[in-house]
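Subject: Structure for you to look at

Hello,

Here is the structure I said I would pass on.

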Amino acid sequence: MFILWFIVMAGLNTLGLFSFNIAGMKASKLLGKIAKFLFASALAGVGFKIKFSEVFSKGMKPIALGGITWICVLASSIAFIMVFANYIG
C-alpha cells in the first residue's frame, strides 16, 4: 500500500496539484516536511518496537519521563552547539 500511495502522490505532485500556498509556503514543501517528520517517527517507532497502546495504558509518568528526557537532550545539544560553534570552520 505504501508504494501505491507513494506513486499516486508523486504523480499528483508532478501534475502540479500541490502548487498552491498554505501559510506562505507551497503545499508541496509543507507536505514534504510533514512526510519527513512522519517517516522519522515511524522508523523510530519500528526501531524501538513501540506499541503506542501500551505506552498510553501505563499512564502519564512514562510519557512525562520521555518528554523530560527529550527536553534535556535538546537543551544539552543546543548548549554543545553554542559552545563549540566557533571551533568548527
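The notes below go from the whole chain to single residues.

Before the details, please note that this is a predicted model, in which local features need pLDDT of at least 70, side-chain atom pairs count only at pLDDT 80 or more, and totals for chains, interfaces and linings use all residues. Residues are numbered from 1 along each chain as its sequence is written, and side-chain values use heavy atoms, with hydrogens and water left out.

The whole chain

The chain has 4 helices and 2 strands. Both kinds of element are DSSP runs numbered from the N terminus: helices are H or I with at least four residues, and strands are E with at least two. Read from the N terminus, their order is α-β-β-α-α-α.

The radius of gyration of the chain is 19 Å, while a compact globule of 89 residues would have one near 12 Å. That radius is taken over C-alpha atoms, and the globule rule is 2.2 Å times the number of residues to the power 0.38. Along its principal axes, the C-alpha trace spans about 45 × 45 × 25 Å.

How much of the chain is buried? Buried residues make up 3% of the 89 residues. Here buried means under 20% relative accessible area, exposed means over 50%, and partly exposed is in between (1.4 Å probe, protein chains only). The chain exposes about 8,000 Å², and carbon and sulfur atoms supply 77% of that area. Accessible areas come from the Shrake-Rupley method with a 1.4 Å probe, and for residues only the protein chains shown count as cover.

Helices 1 and 2

Helix 1 covers residues 2-14, and its 13 residues should span 18 Å at 1.5 Å a residue; the end C-alpha atoms are 18 Å apart, so the two values agree. The expected span is 1.5 Å times one less than the number of residues. Helix 2 gets the same check: its 22 residues should span 32 Å, and its end C-alpha atoms are 31 Å apart, which agrees.

Just after helix 1, Gly16 has a phi of about 85°, and after helix 2, Lys49 has one near 55°.

Ile3 is in helix 1 and counts as exposed because its relative accessibility is 60%. Leu17 sits in the loop between helix 1 and strand 1 (21-22). With a relative accessible area of 48%, Leu17 is partly exposed.

The nonpolar patch

Which residues form the nonpolar patch on the surface? They are Met1, Leu4, Trp5, Val8, Met9, Leu31, Ile34, Phe37 and Leu38, with about 930 Å² of accessible area together. Helix 1 and helix 2 (27-48) are the elements that give two or more residues to the patch. Patches are made of residues with over 30% relative accessible area and no salt bridge; like charges are joined within 9 Å, and nonpolar side chains (Val, Leu, Ile, Met, Phe, Trp, Tyr) within 5 Å. A salt bridge is a side-chain nitrogen of Lys or Arg within 4 Å of a carboxyl oxygen of Asp or Glu. Leu31, one of the patch residues, lies in helix 2 and is partly exposed, at 37% relative accessibility.

The aromatic pair and the end of the chain

The count comes to 1 aromatic pair. Phe80 and Phe84 form this pair, which is tilted, with 4.7 Å centre to centre and 50° between the planes. Rings of Phe, Tyr and Trp (its six-membered ring) pair if their centres lie within 6.5 Å; planes under 30 degrees apart count as stacked, over 60 as edge-to-face and the rest as tilted. Because Phe80 and Phe84 are 4 residues apart in helix 4 (residues 60-84), about one helical turn separates them. Phe80 is exposed, at 53% relative accessible area, whereas Phe84 is partly exposed, at 38%.

Tyr87 is in the segment after helix 4 and is exposed, with a relative accessible area of 68%. The C-alpha atoms of Tyr87 and Thr69 are 28 Å apart.

Regards
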